[in-house]
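Hi,

Here's the structure I promised to send over. Have a look, and my notes on what turned up follow below.

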Amino acid sequence: MMNMLNQSIQAAIFDLDGVIVDTAKYHYLAWKRLAAEFNIKLTHEDNEKLKGVSRMDSLDIILAMGNVALSQQEKEKLADKKNAWFMEYVNQMSPNEILPGAKELLIALREKGIKISLGSSSKNAKTVLRLLNIEHLFDAIADGTMITKSKPDPEIFFIAADLLQTKPAHCVVFEDAEAGVDAALSAGMFCVGIGAPTSLYKAHQVVATLENFEFKLNAVQPA
Ligand code: BG6
Ligand code: MG
């Protein structure tokens, strides 16, 4: 694995939901349930726009779809309700919901001396990592509690790079969200998209899963 790893990569930043663990489906289910209360039908396609986006920004996008205007207080109540549903799903999750190849890649990168940080918009990130018992595989954790702007803003990835004391040009980001790919590119980082090329085509390299992952060397820009 990664015998062709470019020397310029010194740190790896992983998104959580949909990259390390199959929680993207739980965010979708919980938002769909909330949207239904306003007679808004949330499709898979709509959901692609929510991936990587913070809880409040996601709620605003959904409410705008139904032309629903609410006070800040009402919105906070709804965001709490969605989060309670999400946590119900997450609490029933088992370690076999770690996505194919993710844990193996974390371990292999560590063995190569690559530093690793989480770079997730989620405020539940630490809880999820703890539930899966994989917190120890990270040198740093940048999560939704540390940012003022959510992806596609690059803030989360700059925080992760700072925590690892690595320049952005030496970082690789693993992302499943269009907003996350945009954030990584704005940060000047190499980006691997995990999922469908239709939504992730801007990434330097796109793979269906992290199973047997290898960097596509010719896509890595020299630092
Ligand atoms: C991102 C997810 O990782 O975190 C989004 O892709 C989610 O769907 C966002 O809205 C915020 O998560 P949380 O757990 O703080 O509501
Ligand atoms: Mg994601």
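A word on metal donors before anything else: they are N, O and S atoms within 2.8 Å of the metal (3.2 Å for Na, K and Ca), and since water is not among the atoms, sites may look incomplete. With that in mind, the donor residues of the magnesium ion (ligand 2) follow the spacing D-x1-D-x158-D in sequence. D17 sits in the loop between β1 and α1 and D176 in the loop between β4 and α8 (178-186), so this pair ties together parts that are 159 residues apart in sequence. The coordinating atoms come from D15 (OD), D17 (O) and D176 (OD), at 2.0 to 2.1 Å.

Some housekeeping. This is a predicted model, in which local features need pLDDT of at least 70 and side-chain atom pairs count only at pLDDT 80 or more, while totals for chains, interfaces and linings use all residues. Residues are numbered from 1 along each chain as its sequence is written, chains are lettered from A and ligands numbered from 1 in the order in which they are written, and side-chain values use heavy atoms, with hydrogens and water left out. The helix and strand labels are DSSP runs numbered from the N terminus (helices: H or I, at least four residues; strands: E, at least two).

Now the sheet. It is open and has six strands, ordered β3-β2-β1-β4-β5-β6 with parallel pairing (two strands pair if DSSP finds at least two bridges between them). At the edges are β3 (140-142) and β6 (205-207), each pairing on one side only. From one strand to the next the twist averages 20°. Strands β1 (residues 11-14) and β4 (residues 171-175) run parallel and are joined by four bridges, one of which pairs I13 with V173 in β4.

Two helices to look at against that sheet: α7 (residues 155-163) touches β1, β2, β3 and β4, and its direction makes about 160° with that of β3. Helix α5 (residues 102-111) lies across β1, β2 (115-119) and β4, at about 160° to β1. Contact here means heavy atoms within 4.5 Å; axes are lines fitted to C-alpha atoms (for helices over the stretch in contact), with angles from 0 to 180 degrees between N-to-C directions.

Then there's α1, which has two helix partners worth a look. The axes of α1 (residues 24-36) and α4 (residues 72-91) come within 9 Å and cross at roughly 140°, so the two are oblique to each other (under 35 degrees counts as roughly parallel, over 145 as roughly antiparallel, 65 to 115 as roughly perpendicular, the rest as oblique). On the α1 side the contact uses Y26, H27, L29, A30, W31, R33 and L34, which meet L78, K81, K82, W85, F86, Y89 and V90 in α4. With α3 (residues 55-65), α1 packs at an angle of about 40°, axes 11 Å apart, which makes this pair oblique. Here W31, L34 and A35 of α1 meet R55, S58, L59 and I62 of α3.

Finally, two backbone details. Most residues other than glycine have a negative phi, and most peptide bonds are trans. N39, in the loop between α1 and α2 (44-50), has a positive phi near 55°. The peptide bond from K151 to P152 is cis, with omega near 15°, and P152 lies in the loop between β3 and α7.

Cheers
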